[in-house]
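Good morning, colleagues. Please look at the sequence and the structure on the screen, and I shall then take you through the main features.

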Amino acid sequence: MQELPRISKATLQNYEAGYTVPDILMSRKMEEVYAFLADFIFLA
């Protein structure tokens, strides 16, 4: 299983809450790790 680069818990919480968005490289990495398109990962 692939892993995300080390990011802080606060960074991930900010992504989830919609306060910040990951850059395109991080978005692509998250797609690989979670096996979902970014369209389905980010709802905010």
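This is a predicted model: local features need pLDDT of at least 70, side-chain atom pairs count only at pLDDT 80 or more; totals for chains, interfaces and linings use all residues.

What share of the contacts in the protein with a separation of 6 or more comes from residues 24 or more positions apart? The figure is 41%, where contact means heavy atoms within 4.5 Å.

Residues are numbered from 1 along each chain as its sequence is written, and side-chain values use heavy atoms, with hydrogens and water left out.

On confidence, pLDDT is the predictor's confidence in each residue, on a scale from 0 to 100. The average for the protein is 81, and 84% of the residues score at least 70. Helix H1, residues 9–17, has the highest confidence, at 88, whereas H3 has the lowest, at a mean of 75.

The secondary structure consists of 3 helices and 0 strands, and the pattern along the sequence is α-α-α. Helices (H or I, at least four residues) and strands (E, at least two) are taken as DSSP runs and numbered from the N terminus.

Next, the surface. The protein exposes about 3,800 Å², of which carbon and sulfur atoms supply 58%; accessible areas come from the Shrake-Rupley method with a 1.4 Å probe, and for residues only the protein chains shown count as cover. I shall call a residue buried under 20% relative accessible area, exposed over 50%, and partly exposed in between, with a 1.4 Å probe and protein chains only. Of the 44 residues in the protein, 18% are buried.

Let me turn to helix H2. Its buried residues are Met26, Ser27, Met30, Glu31 and Val33. Seen down the helix axis, these residues fall within an arc of 170°, so they line one face of H2; the arc is that of the directions from the helix axis to the C-beta atoms. Ile24 and Leu25, on the other side of H2, are exposed.

Ser27 counts as buried because its relative accessible area is 10%.

How many salt bridges does a search of the whole structure find? The search finds 1, a salt bridge being a side-chain nitrogen of Lys or Arg within 4 Å of a carboxyl oxygen of Asp or Glu. The partners are Arg28 and Glu31, with their closest N and O atoms 3.1 Å apart. Side chains of opposite charge can pair when their charged atoms come close. Arg28 and Glu31 are 3 residues apart in helix H2, so about one helical turn separates them. Arg28 is partly exposed, at 43% relative accessibility, whereas Glu31 is buried, at 16%.

Pro5 belongs to the segment before H1 and is partly exposed, with a relative accessible area of 41%. Leaving aside neighbours within four places in sequence, Pro5 is in contact with Met26 and Lys29. Leu12, in helix H1, touches Ile7 and Met30, not counting residues up to four places away in sequence. Leu12 is partly exposed, with a relative accessible area of 27%.

Finally, consider the loop between H2 and H3, where Ala35 is found. Ala35 has a positive phi of about 55° although it is not a glycine. Most residues other than glycine have a negative phi. Ala35 counts as exposed because its relative accessibility is 65%.

Phe36 is found in the loop between helix H2 (24–34) and helix H3 (38–41), and is exposed at 51% relative accessibility. Tyr34, Phe36, Leu37 and Phe40 make a nonpolar surface patch of about 460 Å². Patches are made of residues with over 30% relative accessible area and no salt bridge, with like charges joined within 9 Å and nonpolar side chains (Val, Leu, Ile, Met, Phe, Trp, Tyr) within 5 Å.

Thank you for your attention.
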